[in-house]
Amino acid sequence: MADPSTYRPKTSEIPTDPGVYRFRDEQGVVIYVGKAKNLRARLTNYFQDLANLHPRTQKMVTTAASVQWTVVRNEIEALTLEFTWIKEFNPRFNVMFKDDKSYPYLAVSMGERFPRVQVTREARKKDTRYFGPYTKVWAIRDTIELLIRVFPVRTCSAGVFRRAQAQGRPCLLGYIDKCSAPCVGRTSQAQHRALAQSMCDFLEGKASPILRQVESEMRQASAELDFETAAKKRDDLRALETVLERNTMVLNDGTDADIFALVSDELDAAVHVFHVRGGRIRGTRGWVVSRDDDASEAELMARLFEQIYSELPDVPEGRKRRIEQAQAVSVDDVIHTPTRAVPREILVSVMPTERGTIAEWLSEKRGAAVDIHVPKRGPKAQLLETVKENAKQALLLHKTRRSGDLAQRGQALDELAEYLDLPASPLRIECYDISHTQGQLQVGSMVVFEDGVPRKDAYRHFNIHGENGEGTPDDTSAMDEVLRRRFRRLLAEENGEDGEDEEGIAFESGPVDANGRPRRFSYRPDLVVVDGGLPQVNAARDALDSMGIDIPLIGLAKRLEEVWIPGEEFPLIFPRTSAALYMLQYLRDESHRFAIIAHRKRRAKNQQRSVLDGIAGVGPSRQKALLRHFGSVKKIRESTPEQIAEVNGIGPSLGSVIWQALNPDSPLSS
């Protein structure tokens, strides 16, 4: 481990210009690349007291043995050079977004003598047009199957193409008119390239001119009584319309835009994008990244832009002029941006840092102005919410897959035992949380993880009563009640005692019931987790100690993911990338989710209460009978005690009680 002071450059030697810097280790390997508006101000931050640096930054500067920098003319050049070096050196300490899956593309190899349409997962070849990414391979194959009816571009591999040339006989697709068979000279090189270019134009969003042309050819053939050709053109038209229908119109103004949404928690972030061309969704893509360096959402969004748009080629000068000329042209004739290029508009859920610099850089790549903004209302804001929901689901899937990994689960449990000094891995963990609305209708949740995975049939919720039946004054006392009720049941079942809980529900002793099923609270957890910091943990420890329960207990504070241990003055900080921290966070989030669901159900039930609920002796069955007989509470109130008594199951005395309860201000009530 190197001492940063041994390779720290003199402050006066560091320029104040924009630039890019590289940290190298003892072997000369680049381990980190960064950019700065002011190199001196940025680099001096790395050489301050190590205690003030983020743990990941501490590790980087102590691993490095030297630092170098390159001065550039402006921030845009710094942005470009930074990512060029990141791609070249792949530094271990640079955070990179990773695709949450390998997405397939529809590719047209315009660089070949006879272009080919195919499915690929690598969108990197020069002179190849890419469309997508798509979520499913079968969706691309169906699209190709429809398109080659109208644009019979070859789909065969190079080997099959050469064999057909040598034999002088096309493949099956050539015989059924799904390939123009350039291999045997049925169409010239120029004609075949024109077909491929028409397909690309259609996929880029210039559909209206092509649809009008096919329809015109259909009508012309019909007028000439060439009904066979007219029927073929009709089928071609339907095929093209089917392709368009699958790409639903989401923005009626024909917008070309990339729509990004980012969601994050304390450890990970997920980003999803919809590529909209000509108002239709032409592709989607997602990324997941670990938040190892505490970067904000705005910084993460800026890094994502640098990464994905640096991979795209600059627009040729000829196309730049065409784009500029198309700015004021109608939607049908506008030159739409391919999905593998920078669009005119970029919509984001979080504005990236250095927005002006990024917009200027993207404008240079596109050859025309690029607008980055957060939509506030209208169809674009609604579409952004849809993209955001996809990002949320991607983040949830990432966490679920991580928790479902057997090796990760075993590692997480072993790390918990090591970090918390437990005698063995905690095979059963229970986590508790409290949910309420401004202190009202408090509900506690208990979720259970066994062997590192949720045991949902063991989840329980508790309605908090308090001393007067209306709840407790704060979350600490609510947690105290929940833990006492849960572990009082545990002790009763372990000691073979029968009784009833605070809600009046009878329970029997023993680990299993008469049918051999385990009791709800028979199993003693190996670890108890509460959502909160030191006050909540100490209160929970007091509750368990008062009942003689000796079970390890910790608290997880959400702001910094600190692990609190009862009686300790300072929290325990787990490594940001540890499997144990991921499991605790997943456990805490699951208990929070379950508490919110239970609270919402209780709140909805409370809002649906009837005045009949407060009448002694009138339960759900009698309420239904009364409402079935009279139709509404208003008609019950307007009836007489004798009429109420006629309802089945009511009788004269209860009928009088109901009438008096519904008419308290009547002189007859007294």
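Contact here means heavy atoms within 4.5 Å. I located Gln623 in helix H18, residues 620–630. Gln623 has a relative accessible area of 13% and is therefore buried. I used the term buried for under 20% relative accessible area, exposed for over 50%, and partly exposed for what lies in between (1.4 Å probe, protein chains only).

**Basis of the entries**

I note that this is a predicted model, in which local features need pLDDT of at least 70 and side-chain atom pairs count only at pLDDT 80 or more, whereas totals for chains, interfaces and linings use all residues. Residues are numbered from 1 along each chain as its sequence is written, and side-chain values use heavy atoms, with hydrogens and water left out.

**The chain as a whole**

I found 21 helices and 21 strands in the protein chain. Helices (H or I, at least four residues) and strands (E, at least two) are DSSP runs, numbered from the N terminus. Of the 670 residues in the protein chain, 49% are buried. The accessible surface comes to about 33,700 Å², and carbon and sulfur atoms account for 48% of it. Accessible areas come from the Shrake-Rupley method with a 1.4 Å probe, and for residues only the protein chains shown count as cover. Among contacts between residues at least 6 apart in sequence, I noted that 63% join residues at least 24 apart.

**A three-stranded sheet**

I then examined an open sheet of three strands, in the order S6-S5-S7 with antiparallel pairing. Strand S6 (117–120) and strand S7 (129–131) each have a single partner strand and stand at the edges, so one side of each is left without a neighbour in the sheet. Neighbouring strands of this sheet are turned by 30° against each other on average, direction ignored. Two strands pair if DSSP finds at least two bridges between them. Strand S5 (residues 105–108) is joined to S6 by four bridges, and Ala107 stands opposite Gln118 in S6. Helix H7 lies across S5, S6 and S7, and runs at about 35° to S7. For such angles, axes are lines fitted to C-alpha atoms, for helices over the stretch in contact, and the angles run from 0 to 180 degrees between N-to-C directions.

**A surface patch**

I recorded a nonpolar surface patch of about 330 Å², made by Leu172, Tyr175 and Ile176. Patches are made of residues with over 30% relative accessible area and no salt bridge, with like charges joined within 9 Å and nonpolar side chains (Val, Leu, Ile, Met, Phe, Trp, Tyr) within 5 Å. A salt bridge is a side-chain nitrogen of Lys or Arg within 4 Å of a carboxyl oxygen of Asp or Glu. Ile176 lies in the loop between helix H6 (172–175) and helix H7 (189–204). Ile176 counts as partly exposed because its relative accessibility is 44%.

**Positive phi values**

Most residues other than glycine have a negative phi. I found that Asn90 has a positive phi, near 45°, in the loop between helix H3 (75–89) and strand S4 (98–99). Asn90 is exposed, with a relative accessible area of 59%. Asp451 likewise has a positive phi, about 55°, and sits in the loop between strand S14 (440–450) and strand S15 (453–454).

**Met446**

I placed Met446 in strand S14. Met446 is buried, at 0% relative accessibility. Met446 and His592 are 146 residues apart in sequence and 9.4 Å apart in space, C-alpha to C-alpha.
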